[in-house]
Amino acid sequence: MVASSVTLPAAHTNFAAGNATLTNADVVALDRANVFHSWSAQKALNPMAIAGGSGSTVWDHEGNTYLDFSSQLVNTNIGHQHPKVIAAIAQQATSLATVAPAHANHVRATAAAKILSHAPAKMEKVFFTNGGADANENAIRMARLHTGRDKVISRYRSYHGNTGSAIVATGDWRRIPNEYARGHVHVFGPYLYRSEFWAETPEQETERALQHLRRVIQAEGPQSIAAVLLETVPGTAGILVPTPGYLEGVRALCDEYGIVMILDEVMAGFGRTGDWFAFDAFNVTPDLITFAKGVNSGYVPVGGVIISGEIAATFDERVFPGGLTYSGHPLAAASVVASIEAFEEEDIVGNAARIGREHLEPGLSALAEKHNVIGEVRGRGVFWALELVQDRSTKAPVTADYMSRLKAELLRLGLLPFIADNRVHVVPPAVVTAAEVAQALAVYDQALGTVTL
């Protein structure tokens, strides 16, 4: 295995010395005896043991290190174990470890203010949740109550979470065994590489995808539609950067028919695309924004809904029928404040933009020129996908067996990848360095050259 060229913190050495008899096999055995894993057939699992991390690197219990180009679940935007965030959580734990959401709390209010400082001016309040799924759940609820309508339109190529309405709003296979919520309608969005609209240019793809959405709105009855819920840049579905004018066209349709526009920024927000919010790169402002993941890199579970003044006012005299015991938990709020301050002080969003523009985009494009298995490279910031195909002319996806062998080779070479269907998602932390990107590109190059179709 190729060792990562990083200086590991003392904690790594101390951990290994203090747990000399603890092996990866010990940890996996304990896990398999007691832990029920998500999205998995339990007997088929052989999870990787991870003992620690720092920045863009993780390591196991036997001292093997890996470049984390998965960012775990594309959420450790600030990297592993950022000292400012760790210190903030520890300090908050010594002063007030928990408080009910009904009380006013300084760190919670500060976290909301910090988030709003990077949101559009029309956004006025933050409702905190435990993660992205319940953020989408509550955004849907707000839209329905605000409009008095029921239906929610989302895309087939999407993932919005694993709670009641969020999973049914999701478009991929995970929706199908879980369709117990009502009022959900799906459409196809722009994806020029595999166009559903026989488009040949980005302009055609935008025009036809918007016409498709308009006709669905009309056929379902505009008076019945509460919201259009979209990932600004669909993540798990393939890092599908919207074609020019698409999001603006959706905004116009929502305005025309009195529909709430919800942008799901759970994966794409807080530096992932090289902007604070992915929609900052487009001329569009949503009515509700959902977030989680990158806001504090998952150090403590947290998510939320950023609410426009108009929708927030709906509940000035009317009770909002929703809440969570841990809404705005002080440990989570402290991590949010420290994370956003670190983003600001260290120009982490700017780093993500520069890394994408100067290193990932040209580096991945060079790989595509060298390896015919790469059908398309797409992305922004530190949010990229390599779509792998058996043949560029037919665009037939590579097999699951090929992807399994490629993943194994990447791990052998010291890189922790994010694999989805026939794609490698290149999604390092937003603090990744140019040297780490160069190392990762060399690993991708070697693996793609070694693993045969």
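This is a predicted model: local features need pLDDT of at least 70, side-chain atom pairs count only at pLDDT 80 or more; totals for chains, interfaces and linings use all residues.
Glu-387 and Arg-194 form a salt bridge in which the closest N and O atoms are 2.6 Å apart; the term stands for a side-chain nitrogen of Lys or Arg within 4 Å of a carboxyl oxygen of Asp or Glu. Because Glu-387 belongs to strand β12 (residues 383-391) and Arg-194 to the loop between β6 and α8, the pair ties together parts that are 193 residues apart in sequence. Helices (H or I, at least four residues) and strands (E, at least two) are DSSP runs, numbered from the N terminus. Glu-387 is buried, with a relative accessible area of 1%, while Arg-194 is partly exposed at 24%. Here buried means under 20% relative accessible area, exposed over 50%, and partly exposed in between (1.4 Å probe, protein chains only).

Residues are numbered from 1 along each chain as its sequence is written, and side-chain values use heavy atoms, with hydrogens and water left out.

The structure holds 24 salt bridges. One of them joins the side chains of Lys-84 and Glu-345 (3.7 Å, N to O). Lys-84 sits in helix α4 (residues 83-95) and Glu-345 in helix α11, so this pair ties together parts that are 261 residues apart in sequence. Lys-84 is partly exposed at 28% relative accessibility, and Glu-345 is exposed at 56%. Elsewhere, Lys-122, Arg-251, Asp-255 and Asp-287 are linked in a network of salt bridges.

The buried residues of α8 are Glu-205, Thr-206, Ala-209, Leu-210, Leu-213, Val-216 and Ile-217. These residues lie on the same side of α8 because they cover an arc of only 120 degrees around the axis, taken from the directions from the helix axis to the C-beta atoms. They pack against β5 (151-155), β6 (184-187), β7 (225-231) and α9 (246-257), a contact being heavy atoms within 4.5 Å. The face turned away from the buried side carries the exposed residues Glu-203, Glu-207 and Ala-219.

Within the largest nonpolar core, which has 91 residues, Ile-115 and Leu-388 touch the most other members. Such a core is a set of buried Ala, Val, Leu, Ile, Met, Phe, Trp, Tyr and Cys residues joined through side-chain atoms within 4.5 Å. Helix α11 (residues 330-346) gives the most to this core, with ten residues. A second, separate core of 19 residues includes Ala-139, Met-142, Ala-169 and Leu-288.
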